[in-house]
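Subject: Structure handover

Hello,

Here is the structure you will be working with. Please open it first, then read the notes below.

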Amino acid sequence: SRTVYVMGQVQKPGAFENSKQTSLLDVLANAGGPNRYADIRNIRLITTKGEVKNYDLQAIQAMNSVIVS
């Protein structure tokens, strides 16, 4: 397992233990989901290498899911 840190406009920001195959939606669910101030079309994931990946939660929900890598 690994620790994923969720910050920003979510219900419960913090550190969460997840498996390597945890989806972005699962990570957001662990944090209680986006709050009413969240821009769900502009979610940023920052990797341990400092790389920034942008996601559109509306598009992800419509497609399926994205594995957090």
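Which residues is Ile43 in contact with, leaving aside its neighbours within four places in sequence? They are Leu28, Lys53, Asn54, Tyr55 and Leu57. Contact means heavy atoms within 4.5 Å.

Two notes on the source. This is a predicted model, where local features need pLDDT of at least 70, side-chain atom pairs count only at pLDDT 80 or more, and totals for chains, interfaces and linings use all residues. Residues are numbered from 1 along each chain as its sequence is written, and side-chain values use heavy atoms, with hydrogens and water left out.

Now the hairpin. Strand 3 (residues 43–46) and strand 4 (residues 52–55) run antiparallel, joined by four bridges. Strands pair if DSSP finds at least two bridges between them. Helices (H or I, at least four residues) and strands (E, at least two) are DSSP runs, numbered from the N terminus. Arg44 has Asn54 in strand 4 as its bridge partner. Five residues lie between the strands of this hairpin, and Gly50 takes a positive phi near 90 degrees there.

Next, the core. A nonpolar core is a set of buried Ala, Val, Leu, Ile, Met, Phe, Trp, Tyr and Cys residues joined through side-chain atoms within 4.5 Å. Buried means under 20% relative accessible area, exposed over 50%, partly exposed in between (1.4 Å probe, protein chains only). The largest core has 13 residues, and those touching the most other members are Val6, Val10, Leu24, Leu28, Ala31, Ile43 and Tyr55. Two or more residues come from each of strand 1 (2–6), helix 1 (24–30), strand 3 and helix 2 (57–63). Helix 1 gives the most, with three.

Last, Asn35. It sits in the loop between helix 1 and strand 3. Asn35 is buried, at 17% relative accessible area. Not counting residues up to four places away in sequence, Asn35 touches Gln9, Val10 and Gln11.

Best wishes
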